[in-house]
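Hi,

Here is the structure I promised to pass on. Have a look at it first, and then read my notes below.

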Amino acid sequence: MIYLDNAATSWPKPEIVYKTMDEFLRTKGGNPGRGSHSMALAARQTVDETRMLVARFINAPEINRVIFTLNCTDALNLGLKGLLRPGDHVVTSCIGHNSLVRPLRKLERLGVKVTWVPSSPDSGVLSPRDIEAAITKDTKLVVVTHASNVTGVIQTDWGIWCSYPTPTSHLYGRCSADCRQVSYRCPGKQHRFTRFFRAKGLFGPPGTGALYIGNRVNLDSLREGGTGSYSEEEEQPAILPDRYESGTQNSVGISGLGAGLKYIREED
C-alpha cells in the first residue's frame, strides 16, 4: 500500500509505538490514579512520563498544566468554551478548520462576538495588520490555525501576534507539530493558553490530543466526574490536571503518544 492520507492521520507508526501500546495493555493495563496495585501505579507513571515529554516538546514551564484530551477538537472546545462568555470578542480567520469554526458558530449563537478575518486570496496567508486592526477592547481571544491540513499554508508571522500590547489571550491551533518546531514561549508576550497539536501527527494513535493551559487563565471544566483525587469531595477538584481529566483516561493511547515523542526526539 502507498499511503498518502497523512493530513488526516499519520501511518504507519514507528514500530516502538506498536510495541509500547501492546506492552502497556499486557503489563500496565490498570486504571492510572485509581489504585495502589502495581499495574495502576505503572499506568500512572506512564501517563506522567508522557505529560513530561509533551511539556518538554513545547518548552512549557509547568508539566501539570498539560491536559490530555480526547483529540485536538476536544482540546479546542475546552479552550474556547471554558474561556468565552456572552459579550466576549474573538478574532479568527476565514480559513479555520471545522474544529474551530463550528464551536465558534455555536458560541456566536450564545452571544460571543466573532470577527472573521480574510486571508490573502493568492497565498492564503493572514496579514498581522488585519488581525491587529480587528482587535477591540472586548477582544478576549485571538485564535489562528498555524498550518492548514487542507492547503498546507503556514502562517509564518504567527510570532508577531504574540507580542500585541493587548490583554488578548492567544490560542494557536496546531496542525503542524509533526513537521515544525513547536514552542509555548513567545517573545514579548506571556500566553494564557495554547492548544497545540493533533497527537496523531506526532505518531501517537488516533483519539489523543493535548491542551497546554498557561498560568494566567482559569478555564471552566466541560465535564466533571471521577479523578482519583479528593474522592471524599462532591465538587470537582481544582488542582491541575485533575480538574479537566475526569473519567478513565485513554492511557494506552497516551503511552503510544509518549513512544511517538521519544521516537521524534531520538530521530531529531
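Predicted model: local features only at pLDDT ≥ 70, side-chain atom pairs only at ≥ 80, totals over all residues.

First, the overall layout. The protein has seven helices and seven strands. Reading from the N terminus, the order is α-α-β-α-β-α-β-α-β-α-β-β-β-α. Of its 268 residues, 51% count as buried.

Back to that loop between β7 (209-213) and α7 (251-267), as several things turned up there. Proline 241 is joined to leucine 240 by a cis peptide bond, with omega about 10°. Tyrosine 230 lies in this loop too, and its phi is positive, about 50°, although it is not a glycine. With 42% relative accessibility, tyrosine 230 counts as partly exposed, because that value falls between the 20% and 50% cut-offs. Glutamate 224 is also found in the loop between β7 and α7. At 51% relative accessibility, glutamate 224 counts as exposed, since the cut-off for that is over 50%. On the surface, Glu224 gathers with Glu232, Glu233, Glu234 and Glu235 in a patch of negative charge.

Now the start of the chain. Tryptophan 11 has a relative accessible area of 42%, so it is partly exposed. Together with Met1 and Tyr18, Trp11 forms a nonpolar surface patch, and the three have about 400 Å² of accessible area together.

Asparagine 59 is another one to look at. You will find it in the loop between α2 (38-57) and β1 (66-69). Asparagine 59 counts as partly exposed, at 34% relative accessibility.

Last, helix α4 (residues 98-109). At 1.5 Å a residue, its twelve residues should span 16 Å, and the end C-alpha atoms are 16 Å apart, so the two agree. The buried residues of α4 are Ser99, Leu100, Val101, Pro103, Leu104 and Leu107. In an α-helix there are 3.6 residues a turn, so residues three or four places apart point the same way. After α4 comes glycine 111, with a positive phi near 110°.

Over to you, and happy browsing!

Notes
Residues numbered from 1 in each chain as written. Heavy atoms only, no water. Patch = residues over 30% accessible without salt bridge, like charges linked within 9 Å, V, L, I, M, F, W, Y side chains within 5 Å. Areas by Shrake-Rupley, 256 points an atom, 1.4 Å probe, with all protein chains shown as cover. Salt bridge = Lys/Arg side-chain N within 4 Å of Asp/Glu carboxyl O. Buried < 20%, exposed > 50% of the residue type's maximum accessible area, 1.4 Å probe, protein only. Lys, Arg positive; Asp, Glu negative; His and termini not counted. Charge placed at Lys NZ, Arg CZ, Asp CG, Glu CD. Helix = DSSP H or I, 4+ residues; strand = E, 2+ residues; numbered from the N terminus. Expected span 1.5 Å × (residues − 1).
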